[in-house]
Amino acid sequence: MTRAACLALLVVAAPALAQSNPSAPAPAPLPPPPLPATSGSSSDSTVDEIQARVHYEKALRHEVDGELDQAEDENRLATEAALRAHSAQFIEATARLQDKIVARRAHGDDGGSSGLGARVEFVATTTSVGLWVTSYLVAGMTSSDAIEGRAAAGILTLGGIASLAGSIIGTKGVRVGQSWAQMEGTGAGFGTYSLLMLLATAGNDNLSASKVFYGLMATTAFGALSGVVAARTIPLTGGDAAAISTGLIFGSLVPGLLVWASTDNGQVITGLTLATGTVAMILLGVANRSLNWSRGRWTLIQLGGGVGFLAGLGISAATLNSDSSKGSVLIIMAAGTIAGLALTAWATDGFGPDERRNTTALLDWRPKGGLVLGDLLTAVGPTQTQAKDGSQSLGVVGRVFEARF
C-alpha cells in the first residue's frame, strides 16, 4: 500500500513540480535595432568606434536575454563612446535601442516567459516551500507533545510570513531566472521523496514519528536550497529545470511499475525506483542542452505522461478480469505512461526552443553583476588542432571572458 501511494504521488505531484504558470498576453516585442556598419576600413576605425561597437553588441545580447539593466548599462557606454568618436550611425542606433528598453519596461516585459514574471513565481514557490518545511517542524513538535494546537498554528503562520517576506526582500534588485522556482520546487520534492524511499528501503521501523518529521524538514529545506543554488550557479534554463523534474517523476514511476510487476520485495522496489529517478533526473538535465526543448514543451510532455498513466489504468480495468495478475496491470500502466510521453514529445515538435543561455564562457563580467560563473558544459569542450607539419591532434578548448584558450 505504501509503495502504491509513493508511485501515485509522483503522478499527482507532476503539475506541482512543473511549476507551470499560464502566460498572460504580452505586447509583441519591437524588432531589434540593426547593427550599424563601420564606415571605412578597419584600420581607419578609431578606438572609440571599436568600443562603441563592442558595448552595443553586448547591449543587444543582454536585451534579447531580458537583462534590461545590463543592456541599459552597456548601451550607455556605447553611446558615450559613439559621442567621443562623433559616429552618427552608432548614436542613432543606441538611441533606438534605448527607446526599445524603455518601451519594454513600460509594458512590464522583463524578457521572461512567464506572464506574471519569474520573480513572482519564485516568491510564491518559496512561500509554499516555507509552509511545507514549517509543517514538518510543527508535526514533529506535536508528535513529541512539545507544543499544543495554538502554538502549532502560530509557528505555521510565522513560517509563512517569514518565507513570503524573506523571498520578496531577498530578490529585490536580483534578476530571477526562469528555472529558479521550478528547481526550488523540484529540490524540495526530491528531499521529501528521497528520505521516504530510503526509509522504506532500509526497513527501519524503530524511528519515532518526531524524528521522521524532523528528517523530512531537513531534507526538504536542503533540497529546495540546493535546487536554487544549482539553477543560479550552473546556470540552468527553464527548459533544463523542466527536464530535470520530468526525469525525476517518470524516471521513478516507469521503472517502479516494471519492477513492482516482477517482484513484491519492497526494499528492491523502493531502492531501484529512487536510483533510476535520480539518474534520469541528471541525464535529462544534461541532455536538454543538446535537445534545447523549452519549459513549455517539457510541461506538456509531463502532462502527456500523466494522461498515459491514467489511460493505462483505464485500459487495464476495462480489458482485464479479476483473475489477471498484478503484473499485467502494472505493465499496461507503464506502457501507457511511455506511450503518453513519446506521443506528446512527437506532437510538440516545432515548439519554440529553450531560452537563450546567459553565457558560453566559464567566467564573464557584467555591469552591476560583477563576476558571473558561466556554463562549464558549454565553456569547455573538445577541439581539433593542426600542427605546422599538417598533423591533427585532439585537445580541449575553454572559453573565459569570451576568449578561447
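**Close-up views of a predicted model**

R295 is buried, and so is E121; buried stands for under 20% relative accessible area, exposed for over 50% and partly exposed for in between (1.4 Å probe, protein chains only). The views below come from a predicted model, in which local features need pLDDT of at least 70 and side-chain atom pairs count only at pLDDT 80 or more, while totals for chains, interfaces and linings use all residues. Residues are numbered from 1 along each chain as its sequence is written, and side-chain values use heavy atoms, leaving out hydrogens and water.

**View 1. The chain as a whole has 14 helices and five strands.** Helices (H or I, at least four residues) and strands (E, at least two) are DSSP runs, numbered from the N terminus. The chain has 405 residues, and 41% of them count as buried. Contact here means heavy atoms within 4.5 Å. Of the contacts between residues at least 6 apart in sequence, 73% join residues at least 24 apart.

**View 2. R295 and E121 form a salt bridge.** Look for the closest N and O atoms of this pair, which are 2.5 Å apart. R295 belongs to helix α12 (residues 295-319) and E121 to helix α6 (residues 118-143), so the pair ties together parts that are 174 residues apart in sequence. The term salt bridge is used for a side-chain nitrogen of Lys or Arg within 4 Å of a carboxyl oxygen of Asp or Glu. Side chains of opposite charge can pair when their charged atoms come close. A search of the whole structure turns up eight salt bridges.

**View 3. A salt bridge links E57 and R53 within helix α3.** Their N-to-O distance is 3.9 Å. Both residues sit in α3 (residues 47-64), four residues apart, which is about one turn of the helix. E57 is partly exposed because its relative accessibility is 30%, and R53, with a relative accessible area of 21%, is partly exposed too.

View 4. E92 has 49% relative accessibility, so E92 counts as partly exposed. R96, at 35%, counts as partly exposed as well.

**View 5. Helices α10 and α13 pack against each other.** The axes of α10 (residues 238-262) and α13 (residues 326-347) are 8 Å apart, at an angle of about 155°. Axes are lines fitted to C-alpha atoms, for helices over the stretch in contact, and angles run from 0 to 180 degrees between N-to-C directions. The two helices are therefore roughly antiparallel; angles under 35 degrees count as roughly parallel, over 145 as roughly antiparallel, 65 to 115 as roughly perpendicular and the rest as oblique. Their crossing is left-handed, a name for the near helix being turned anticlockwise from the far one by less than a right angle (clockwise would be right-handed). Among the residues making the contact are F250, L253 and W260 of α10 and L330, M333 and L341 of α13. By class, the contact has 13 nonpolar, two polar and one charged residues; Ala, Val, Leu, Ile, Met, Phe, Trp, Tyr, Cys and Pro count as nonpolar, Asp, Glu, Lys and Arg as charged, and the others, Gly among them, as polar.

**View 6. Helices α6 and α8 come together.** The axes of α6 and α8 (residues 180-202) come within 8 Å and cross at roughly 15°, so the two helices are roughly parallel. The crossing of α6 and α8 is left-handed. Residues in the contact include E121, F122 and W132 of α6, with W180, E184 and T192 of α8. This contact divides into seven nonpolar, five polar and two charged residues.

**View 7. Some loop residues have backbone geometry worth a look.** Most residues other than glycine have a negative phi, and most peptide bonds are trans. A cis peptide bond joins I234 and P235, with omega about -15°, and P235 is in the loop between α9 and α10. H86, in the loop between α4 (68-85) and α5, has a positive phi near 55°. H86 is exposed, at 71% relative accessibility. N292 has a positive phi near 60° and lies in the loop between α11 (266-291) and α12.
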